[in-house]
Amino acid sequence: MDMPPPSPTVLAKKARILDRLRTVLPADAVIGDEAETRAYECDALTAYRCPPLAAVLPASTNEVAAVLKICHEENVPVVPRGAGTSLAGGALPTADSVILGVARMNAVLETDYENRFVRVQTGRTNLSVTGAVEEMDFFYAPDPSSQLACAIAGNIAMNSGGAHCLKYGVTTNNLLGVTLVTMEGEVVEIGGAHLDAGGLDLLGLICGSEGQLGVVTEATLRILRKPEGARPVLIGYDDIVVAGECVSDIIKSGILPVAIEFMDRPCIRATEAFAGAGYPDCEALLIVEVEGSEEEIAAQLERIVAIAKTHNPVELRESGSPEESAKIWLGRKSAFGAMGQINDYMCLDGTIPVSQLPLVLRRIGEMSKEFGLDVGNVFHAGDGNMHPLILFDANKPGDLEKCEAFGAEILKLCVEVGGCLTGEHGVGIEKRDLMVTQYEADDLDIQMAVKDVFDPKWLLNPAKVFPLQSSETRRIAAE
Amino acid sequence: MMRPGSEAELADAVAGATGPLRVIGGGTRDIGAPVDGDVLSAAGLSGISLYEPGALTLVAAAGTPLADIEAALASEGQRLAFEPMDHRGLLGTTGVPTIGGVVAANVSGPRRIQAGACRDSALGVRFVDGRGRVLKNGGRVMKNVTGYDLVKLLAGSWGTLGVLSEVSLKVQAIPETEATLVAQGLSAQDGVAALSAALGSPFDVTGAAWLSDTGEARVRIEGLAASVAYRLKQMGAEICAGWDVYEGVASAALWQEVRDVTPLSGQAGTVWRVSVKPTDAPALLNALGDPQAICDWGGGLVWLLMPEGGDGGAAAVRGAVARLGGHATLVRGSAETRRAVSVFQPEEAGVARITAGLRAQFDPRGILNPGLMG
């Protein structure tokens with residue numbers, strides 16, 4: 001992975017930068033020791049590592065502002081970091097950067113059930129936002145798989161989704177307001193407890209901007225009352241095309257399940273060996289979950305089962321109890337772990353139009369043979385967000401490169417059939433160089449022009465999102 | 001008036017412009033500071049280019065009449081989830097509303113509280129920027145975080161950052177049935193409290209409004225018939241005890257009235273659209289001397305009828321909003337009033353600097369609806 005060379009000027013003044021940071025932060029919030037900065041050398045994309053110049057752990061918006069002001073004055077790149085769970089290398093440091101971790105900022109600032117929002121510091125984890133409101137039977141809807149660990153800051157940066165976004169939407173649809181600190185250290189309030197923007201929708205622009213436009217320190221999030229209950233049905237087919245048709249028919253029927261998950265045979269076999277959830281050995285498995293009262297769930301499942309039956313399933317298992325529901329979900333939730341038992345894997349995140357599912361799955365199968373690497377597919381079928389897991393051996397020379405080449409081909413295919421490179425993980429460094437397959441030069445130029453407005457020196461989260469070649473002129477001009 | 005028939009012609013028209021352009025779709029949403037300039041209409045770009053009911057997605061040229069889109073969707077039992085308002089009644093305009101106009105103005109109706117705003121259903125855009133470049137962002141899939149989200153930025157930018165040429169939207173199945181619970185004679189305070197309780201219930205309310213003239217609170221439920229019946233029973237037993245029930249077309253009529261702000265149409269005065277924290281709505285009305293109002297979105301969206309004279313209520317409305325938080329837009333007012341006061345909410349310095357910076361990038365010559373948003 002190409003990264004821009006670190007600035008010799010910045011590297012040379014490390015001591016001065018640390019001294020200045022210590023004037024605005026407590027001593028234990030400034031990390032400059034090489035043994036300790038190593039803890040920040042990568043995120044969940046562990047194939048790429050680079051210890052930063054320093055790491056800081058501010059405890060308030062004002063401290064974040066003070067840090068950014070100093071870094072701006074000293075021309076030091078800053079890499080904002082939530083919990084470091086990015087699968088796309090969104091928080092990968094450069095050797096001349098300061099990691100700005102928001103982990104110490106995890107307070108709940110305001111809870112308002114009448115108006116259905118909660119305001120939190122963004123270092124708070126996704127699941128603990130729900131944790132803060134569930135005593136009143138409310139929840140925060142976006143539920144990325146990493147929700148136990150991932151921070152709201154990262155959710156906002158990547159516009160994270162989850163299994164239940166078919167009904168509830170992704171982060172951007174559940175975000176009401178942010179406190180944003182600009183690279184200059186200015187604190188800007190955008191949105192709030194009210195809905196929608198009075199002027200330009202800057203909130204929508206900031207959500208998903210991968211920490212390149214500012215550092216979000218506080219967020220107002222929409223919370224919802226929990227439904228009375230939820231129950232899944234498991235449906236197995238011996239043909240992926242038929243499974244795809246079933247998904248399409250369910251969606252067309254007017255029922256809105258909260259989740260429609262899909263697993264293919266390699267994934268089913270791996271999870272069975274790992275978790276023993278009792279899945280049938282078939283080509284494609286669907287888990288469809290609906291919500292409501294007992295009667296409502298029964299009525300919806302009855303329709304879904306009727307639709308499923310018209311496609312001749314090999315297995316149809318309606319959950320009748322919380323234990324059975326847990327068992328149906330067990331395999332799906334263990335899928336990544338199960339694949340990880342077999343080998344190292346790379347998890348892709350392209351989205352395709354649902355109608356293209358059969359074609360794309362067939363092509364992935366063919367490519368798997370061409371590249372000689374196994375692949376399992378587990379994904380959110382309702383919205384076409386695929387997660388092909390390519391298995392490789394990190395210890396085998398050349399295997400990672402082969403895996404990356406295979407992954408790139410899959411993502412190009414996603415774009416070719418009308419989809420996109422990433423549905424919920426973000427571009428980061430991982431898909432940076434593929435951006436040219438989805439966007440023309442002018443399309444990237446206008447996005448980079450947005451960064452020019454927020455961060456004219458191009459210091460925030462360097463070398464992410466845009467191909468280095470596309471951003472070169474701007475980065476040089478900014479120096 | 002320029003009325004290009006293709007995206008390329010649209011790009012040429014913008015690139016070749018030598019002065020300000022007044023960008024319009026169907027011309028039914030005459031909102032904002034009056035713009036002097038050559039009219040550039042996107043209405044010539046028309047047609048649905050892709051509609052996949054099984055994927056809940058539709059792509060159409062920006063000038064496609066909204067009615068065409070709604071008819072195509074209805075033939076498959078689907079609709080736009082965000083329930084866009086028809087402004088013609090309130091503004092006394094004529095013309096054909098277009099899908100581009102809906103997106104450019106981020107027009108969202110009562111279902112916004114449950115299904116999201118227009119911007120939440122917008123999956124992708126193609127547009128021509130102020131330099132005359134054809135640009136695209138987003139796509140036609142429901143989950144997409146590839147690069148910055150300019151779709152949201154363009155939605156609600158009123159043609160000031162670019163002229164939309166194509167939009168791609170997420171659509172929704174029309175539920176089997178709908179019903180509305182109605183109570184009369186509630187004060188603003190009691191009405192909004194009831195709406196809050198309904199929205200805080202597990203019964204998936206898709207509309208919650210209070211109308212000042214009758215003190216009427218309305219709560220809508222949609223879904224499968226058996227499910228709607230169940231939820232009506234539950235809500236009737238708790239939060240909405242004793243409320244009347246309207247079903248089917250009678251229910252739909254109540255929401256078309258809220259959506260189009262019908263009670264304020266045809267009445268003299270300025271009309272303001274205020275977004276506040278829902279429980280602040282009663283305080284807002286109280287501060288303004290209880291003008292006629294419709295509180296949609298559980299109280300979060302307040303439509304106000306204010307006297308036309310003087311500043312059209314600008315100082316009073318903006319003062320109250322400044323104290324409570326939120327934003328106010330003068331949706332209906334004479335051209336003089338719209339020239340004299342800021343139609344859109346004035347921005348704090350930090351936000352204003354970012355906005356100005358973005359405008360300079362998207363429209364460096366300042367020719368796209370200049371000044372419309374202030």
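User: Where does helix 12 of chain A bend?

Analyst: A bend at a residue is the angle between axes fitted to the seven residues ending there and the seven starting there. Here, helix 12 of chain A bends by about 55° at A:Ala335. Helices are DSSP runs of H or I with at least four residues, strands are runs of E with at least two, and both are numbered from the N terminus. Keep in mind that this is a predicted model, where local features need pLDDT of at least 70, side-chain atom pairs count only at pLDDT 80 or more, and totals for chains, interfaces and linings use all residues. Residues are numbered from 1 along each chain as its sequence is written, chains are lettered from A and ligands numbered from 1 in the order in which they are written, and side-chain values use heavy atoms, leaving out hydrogens and water.

User: Which residues of helix 12 of chain A are buried?

Analyst: An α-helix has 3.6 residues a turn, so residues three or four places apart point the same way. Buried means under 20% relative accessible area, with exposed over 50% and partly exposed in between (1.4 Å probe, protein chains only). In helix 12 of chain A the buried set includes A:Ile328, A:Trp329, A:Arg332, A:Ala335 and A:Met339.

User: At what angle do helix 10 and helix 12 of chain A cross?

Analyst: Axes are lines fitted to C-alpha atoms, for helices over the stretch in contact, and angles run from 0 to 180 degrees between N-to-C directions. The axes of helix 10 (residues 265–275) and helix 12 of chain A cross at roughly 90° and come within 8 Å. That makes helix 10 of chain A roughly perpendicular to helix 12 of chain A (65 to 115 degrees; under 35 is roughly parallel, over 145 roughly antiparallel, the rest oblique). Contact means heavy atoms within 4.5 Å; among the residues that meet are A:Phe274 in helix 10 and A:Ala335 in helix 12 of chain A.

User: What is the strand order in the antiparallel sheet of chain A?

Analyst: Strands of a sheet pair through backbone hydrogen bonds, either parallel or antiparallel. Two strands pair if DSSP finds at least two bridges between them. The order is 5-6-10-8-9, an open sheet of 5 strands. Strand 5 (108–112) and strand 9 (187–191) of chain A each have a single partner strand, so one side of each lacks a neighbour in the sheet. Strand 5 and strand 6 (residues 117–121) of chain A share 4 bridges, and A:Glu110 has A:Arg119 as its bridge partner.

User: Which strands does helix 4 of chain A lie across?

Analyst: Helix 4 (residues 61–74) of chain A lies across strand 2, strand 3 and strand 4, at about 165° to strand 4 of chain A. Strand 2 (residues 54–56) and strand 4 (residues 98–101) of chain A run parallel, joined by 3 bridges.
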